[in-house]
Amino acid sequence: MPNKKDHLLILKKINFNRFINGLKLYTSYQLSKITKKAFHWGLPASIAIEPTTSCNLRCPECPSGLRSFTRPTGMLQTQMFEKLIDELHSSLIYLIFYFQGEPYLNTSFLEMVAYATKKNIYTATSTNAHYLTDDNCKKTITSGLNRLIISIDGTTQESYESYRIGGKLDKVIEGTKNMVKWKKEMKSSTPHLIFQFLVVKPNEHQINDVLALAKELGIDEVRFKTAQVYDYKNGNELIPENTEYSRYRKNADGTYAIKNKMQNHCWKMWHSCVVTWDGKVVPCCFDKDATHTLGEVSVSLFKTIWKSASYKQFRASVLRSRSEIEMCKNCTEGTKVFA
């Protein structure tokens, strides 16, 4: 199970205003499910903000790695970020600094974390750990970052680089050791450290190995994540044989299909969204190329976008027929958690 201390940190961020906002979100979501009409009250309780689309790696199922975006590459600017947080901090409980790209490539990233920390918002990010130098580790701890997800995806260089193309496992381990060292040195309980292991065919035999490695290094938690594969229908070399860690099932005719039945509702559409580095508001982290842009915080207030007719229409389309929305077709987000 996830670390209880980490859950307590999130609960401590909930004040009266945030509790009432969360109640509004949940009530309107349940009413929408029942009536099939898009009722919506409240502001987002969680949000993902993209520090950058730049990345040092070339992962094969990642738009950043493939350099396959139609949207531009760039860096989130502090001024726009602070304006957004100033507008939303009274409702916001959870903020993840990640969508695409490697967050530590944005030199203002940790300043933005510190700004959110001052607003009593729980902060998290995900990194490939190649930039966890001594200096960055100390700054990370000082920033108040609550959760740091380290993508490892292999316990040998051969298996690691089969997905993390261009990456070095020894850099990941070195960066992890730096962070553990400085947490001890600075007597800090945060950030909560998570090894995230994306289970694919080349590394599925190393599940027990990564648990042992995490224990050896002093990691707080290990999460095994199922891989999203864009071209899965006729099979894919990344789909693991262990079906427990696969989003896909093999049909009698040899083709593959997503395991889970798609429901015509989605909690994420009510309580969260994603803001890209250049200010585009998109409804979900599966919209990698910002196809469903519902507004831009660089030209409008977030609250105007969140309550707009176009956002209401999008939520209504999810309730009506989610299977018609392209980004939803490969959505079976899944992780298995180990302390």
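In the predicted model, helix H9 (residues 207–217) has Ile207, Val210, Leu213, Ala214 and Leu217 as buried residues. These residues lie on the same side of H9, because they span an arc of only 120 degrees around the axis. Asn208, Lys215 and Glu216 are exposed and sit on the face of H9 turned away from its buried side. The buried residues of H9 are covered by elements including helix H8 (169–185), strand E5 (192–199) and strand E6 (221–226). Gly218 follows H9 and has a positive phi, near 95 degrees.

The loop between H8 and E5 contains both Lys187 and Pro191. Most residues other than glycine have a negative phi, and most peptide bonds are trans. Lys187, although not a glycine, has a positive phi of about 50 degrees. Lys187 is also exposed, its relative accessible area being 75%. The peptide bond from Thr190 to Pro191 is cis, with omega near 5 degrees. A positive phi, of about 55 degrees, is likewise found at Ala290, which is not a glycine. Ala290 belongs to the loop between strand E10 (280–282) and strand E11 (295–296). In contrast to the exposed Lys187, Ala290 is buried, at 9% relative accessibility.

The structure as a whole was searched for disulfides, and zero were found. For Cys137, the closest cysteine sulfur is that of Cys55, and the distance of 18 Å is too far for a bond. Cys137 is buried, with a relative accessible area of 0%. Cys285 is in no disulfide either; the nearest cysteine sulfur, in Cys284, is 4.4 Å away. This separation can be set against the cut-off, since a disulfide requires the two sulfur atoms to be within 2.5 Å. Cys285 counts as partly exposed, with 24% relative accessibility.

Cys284 also contributes to the lining of the largest cavity, together with Cys266, Met269, Phe286, Val318, Arg322, Met327, Cys328 and Cys331. The search returned one cavity of 30 Å³ or more. The volume of the largest cavity is about 50 Å³. Its lining comprises eight nonpolar residues, no polar residues and one charged residue.

The second largest pocket has a volume of about 330 Å³. Its lining consists of 13 residues, and Gln228, Tyr230, Phe286, Glu326 and Met327 are those nearest its centre.

His271 is located in helix H10 (residues 268–271). His271 counts as buried, with 15% relative accessibility. Apart from neighbours within four places in sequence, the contacts of His271 are with Leu25, Pro44, Ala45, Ser46 and Trp306. Thr107 is located in the loop between strand E2 (94–97) and helix H5 (109–118). Thr107 is exposed, at 76% relative accessibility. The C-alpha atom of Thr107 is separated by 35 Å from that of Arg315, the two residues being 208 residues apart along the chain.

Technical notes: Residues are numbered from 1 along each chain as its sequence is written. This is a predicted model: local features need pLDDT of at least 70, side-chain atom pairs count only at pLDDT 80 or more; totals for chains, interfaces and linings use all residues. Side-chain values use heavy atoms; hydrogens and water are left out. Buried means under 20% relative accessible area, exposed over 50%, partly exposed in between (1.4 Å probe, protein chains only). Helices (H or I, at least four residues) and strands (E, at least two) are DSSP runs, numbered from the N terminus. Contact means heavy atoms within 4.5 Å. The arc is that of the directions from the helix axis to the C-beta atoms. On a 1 Å grid over the protein atoms alone, a cavity is a set of points where a 1.4 Å probe fits but cannot get out, and a pocket is an open set with protein on both sides within 12 Å along at least five of seven lines; lining residues have an atom within 4 Å of a point. Grid points are joined across faces, edges and corners, and a volume is the space filled by probe spheres set on the points. Ala, Val, Leu, Ile, Met, Phe, Trp, Tyr, Cys and Pro count as nonpolar, Asp, Glu, Lys and Arg as charged, and the others, Gly among them, as polar.
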